[in-house]
Amino acid sequence: MKMKTMFATGALLLSLVAIGSAKSWDIVIDSNTKAGSVVLPAGSYTVKVNNNQALFTSENGKKFTVPVKVDTGATKKYDATEVRTSKQGETTVIQAIDLSGTNEELQFDE
């Protein structure tokens, strides 16, 4: 019984460390830009990923949550965080964000 309790406690502590150390990435958006169905005003953001949601937090604390597909198909880790965009008419749209230090790419749909 004691061994099971110690194992459960250890597993709980490891999960809390993983949650507490959630990685974030900084990006800058030069103009109003669409991510999924959300329009992000120009500015600096911190991006965190939780399950299939990207949480964008602006410098002034405003938060935007956008559904994403996390693709881990890259064969090596990205050296830098890169935001890839395209133009749809007059609107700039985020297609994907490569996350530095990982092999993860966030893919956005409308």
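A: Helices (H or I, at least four residues) and strands (E, at least two) are DSSP runs, numbered from the N terminus. The chain here has one helix and ten strands, in the sequence order α-β-β-β-β-β-β-β-β-β-β. This is a predicted model, in which local features need pLDDT of at least 70 and side-chain atom pairs count only at pLDDT 80 or more, while totals for chains, interfaces and linings use all residues. Residues are numbered from 1 along each chain as its sequence is written, and side-chain values use heavy atoms, with hydrogens and water left out.

Q: What share of the residues of the chain counts as buried?
A: A residue is buried under 20% relative accessible area, exposed over 50% and partly exposed in between (1.4 Å probe, protein chains only). Of the 110 residues in this chain, 25% are buried. Accessible areas come from the Shrake-Rupley method with a 1.4 Å probe, and for residues only the protein chains shown count as cover. The chain has an accessible surface of about 7500 Å², and carbon and sulfur atoms make up 54% of that surface.

Q: Which strands form an open sheet, and in what order?
A: Strands of a sheet pair through backbone hydrogen bonds, either parallel or antiparallel. Two strands count as paired if DSSP finds at least two bridges between them. In this model, four strands form an open sheet with antiparallel pairing, in the order E1-E4-E5-E6. E1 and E6 each have a single partner strand, so one side of each has no neighbour in the sheet. Six bridges join E1 and E4 in the antiparallel sense; Ile27 has Tyr45 in E4 as its bridge partner.

Q: Which aromatic rings does the model link into a cluster?
A: Rings of Phe, Tyr and Trp (its six-membered ring) pair if their centres lie within 6.5 Å; planes under 30 degrees apart are stacked, over 60 edge-to-face, and the rest tilted. The structure holds three aromatic pairs. Tyr45 and Phe64 form an edge-to-face pair, 6.3 Å centre to centre with 65° between the planes. This pair links strand E4 (residues 43-50), which holds Tyr45, to strand E6 (residues 63-67), which holds Phe64, across 19 residues. Both Tyr45 and Phe64 are buried. Phe56 and Phe108 form a tilted pair, 6.1 Å centre to centre with 40° between the planes. Phe56 is in strand E5 (residues 53-58) and Phe108 in the segment after strand E10 (105-107), 52 residues apart. Ring pairs link Tyr45, Phe56, Phe64 and Phe108 into a cluster.

Q: Why does Phe56 count as buried?
A: Phe56 counts as buried because its relative accessibility is 0%. Phe108 is likewise buried, with a relative accessible area of 7%.

Q: Which residues have the most contacts inside the largest nonpolar core?
A: In soluble globular proteins, nonpolar side chains tend to be buried together. A nonpolar core is a set of buried Ala, Val, Leu, Ile, Met, Phe, Trp, Tyr and Cys residues joined through side-chain atoms within 4.5 Å. The largest one here has 18 residues, and Leu40, Phe56, Ile97, Leu106 and Phe108 have the most contacts inside it. E1 gives the most to this core, with three residues.

Q: What does Glu105 contact beyond its neighbours within four places in sequence?
A: Contact means heavy atoms within 4.5 Å. Glu105 lies in strand E10 and is buried, at 12% relative accessibility. Leaving aside neighbours within four places in sequence, the contacts of Glu105 include Lys69, Asp71, Arg84 and Asp98.
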